[in-house]
Amino acid sequence: MKPSTVTEEAKLLNVTEEIVRGLVAFSLHGPDYPTFCRCRKCELDINAITLNHLDNHFVTTKEDREKAYAILKKPDSIALINKHIIRAIHIVGQKPVH
Ligand SMILES: [Zn+2]
């Protein structure tokens, strides 16, 4: 019996999460918040708070991921996401749990 060919495994992916994680990392490690705690716990808390205020955008295929990206990367959408990230950074900054 031939071993079955391993095809690319289907994955459940939240594109909103992917984008938020990237933007949070960019904000925290950029010049905007030089004194902000950069520990993993604070970064994950910012992601959690932000994502709880945004709609999920789950996909299972590359094509749908690209479509979701095209929608979520529009200026209005990025502005909304950044608004929630800034809010989350302030919340975590005032009361860090690390
Ligand atoms: Zn921290």
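The zinc ion is coordinated by Cys37 (SG), Cys39 (SG), Cys42 (SG) and His98 (ND1), at 2.0 to 2.3 Å; donors are N, O and S atoms within 2.8 Å of the metal (3.2 Å for Na, K and Ca), and water is not among the atoms, so sites may look incomplete. This is a predicted model, in which local features need pLDDT of at least 70 and side-chain atom pairs count only at pLDDT 80 or more, while totals for chains, interfaces and linings use all residues. Residues are numbered from 1 along each chain as its sequence is written, and side-chain values use heavy atoms, with hydrogens and water left out.

The four donor atoms subtend angles of 91 to 117° around the zinc ion, which makes the arrangement tetrahedral (four donors, all angles between 85 and 135 degrees). Cysteine 39, in the loop between α1 and α2, and histidine 98, in the segment after α4 (75-94), link distant parts of the chain, 59 residues apart. Helices here are DSSP runs (H or I, at least four residues), numbered from the N terminus.

How do α1 and α4 pack, and at what angle? Their axes, lines fitted to C-alpha atoms over the stretch in contact, lie 10 Å apart at an angle of about 55°. The contact (heavy atoms within 4.5 Å) is made by Ile19, Val20, Leu23, Val24, Ser27 and Leu28 of α1 with Ile78, Ile81, Asn82, Ile85 and Ile89 of α4.

Finally, the axes of α1 (residues 15-29) and α2 (residues 40-51) come within 10 Å and cross at roughly 135°.

How values were computed. Axes are lines fitted to C-alpha atoms, for helices over the stretch in contact, and angles run from 0 to 180 degrees between N-to-C directions. Helices (H or I, at least four residues) and strands (E, at least two) are DSSP runs, numbered from the N terminus. Four donors count as tetrahedral if all angles lie between 85 and 135 degrees; four count as square planar and six as octahedral if opposite donors are over 155 degrees apart and all others between 65 and 115; anything else is irregular.
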